[in-house]
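Trainee: I would like to learn how to read the features of a protein model, one at a time. Could we go through them together, with the general idea before each case?

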Amino acid sequence: KGFLKGSSYFDVNEAGPSDERYLDTPRFIPPDIRGTLGEVRGWLYFEIGLNELFDGRGYTKLHDGSQGVREFLMLNRKVEEFASFVW
């Protein structure tokens, strides 16, 4: 089931560094890490704290799906603009 292998980012975060899927900055290096969407999302969750309510649209997504407060890291870019992007 991809990067998480059936778990959630929350579960991996709770397990912490003892879980091989827990990607802090020192672990986020090639060749073991390819930069897949799952790996990058994990790193953002574990290192920066972007949880499931962050969807990259500029606003927090509330638990009921409605729009919350403004929230962003940088201007949006198409993934094709990143030279080393991997699906």
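Mentor: Let us begin with a charge over a ring, which is counted if NZ of Lys or CZ of Arg is within 6 Å of the ring centre and within 35 degrees of the ring normal. Here the charged end of Arg77 sits over the ring of Phe82, at 4.1 Å from the centre of that ring.
Before we go on, note that this is a predicted model, in which local features need pLDDT of at least 70 and side-chain atom pairs count only at pLDDT 80 or more, while totals for chains, interfaces and linings use all residues. Residues are numbered from 1 along each chain as its sequence is written, and side-chain values use heavy atoms, with hydrogens and water left out.

Trainee: Which elements make up the secondary structure of the protein, and in what order do they run from the N terminus?

Mentor: Helices (H or I, at least four residues) and strands (E, at least two) are DSSP runs, numbered from the N terminus. The protein has two helices and two strands, and from the N terminus on their order is α-α-β-β.

Trainee: How many bridges join strand β1 to strand β2?

Mentor: Two strands pair if DSSP finds at least two bridges between them. In this model two bridges join β1 (residues 59-61) to β2 (residues 67-70), and the strands run antiparallel; Tyr59 has Arg70 in β2 as its bridge partner. Five residues lie between the strands of this hairpin, where Gly65 takes a positive phi near 90°.

Trainee: Which residues form the largest nonpolar core?

Mentor: A nonpolar core is a set of buried Ala, Val, Leu, Ile, Met, Phe, Trp, Tyr and Cys residues joined through side-chain atoms within 4.5 Å, and buried means under 20% relative accessible area, exposed over 50%, and partly exposed in between, with a 1.4 Å probe and protein chains only. The largest such core has nine residues, namely Phe3, Leu4, Tyr9, Val12, Tyr22, Leu23, Ile33, Tyr45 and Phe46. The elements giving two or more residues to this core are α1 (9-15) and α2 (37-48). If we leave out residues up to four places away in sequence, Tyr9 touches Phe3, Leu4, Gly38, Arg41, Gly42, Tyr45 and Phe46, where a contact means heavy atoms within 4.5 Å. In the protein, buried residues make up 28% of the 87 residues.

Trainee: How many aromatic pairs are there?

Mentor: A pair of aromatic rings is described by the distance of the centres and the angle of the planes. Rings of Phe, Tyr and Trp (its six-membered ring) pair if their centres lie within 6.5 Å, and planes under 30 degrees apart count as stacked, over 60 as edge-to-face and the rest as tilted. By this rule there are six aromatic pairs. One of them joins Phe28 and Trp43, which are stacked at 5.8 Å centre to centre with 25° between the planes. This pair links distant parts of the chain, with Phe28 in the loop between α1 and α2 and Trp43 in helix α2, 15 residues apart. Phe28 is partly exposed at 26% relative accessibility, and Trp43 is partly exposed at 21%. Ring pairs also link Phe3, Tyr9, Tyr22, Tyr45 and Phe46 into a cluster.
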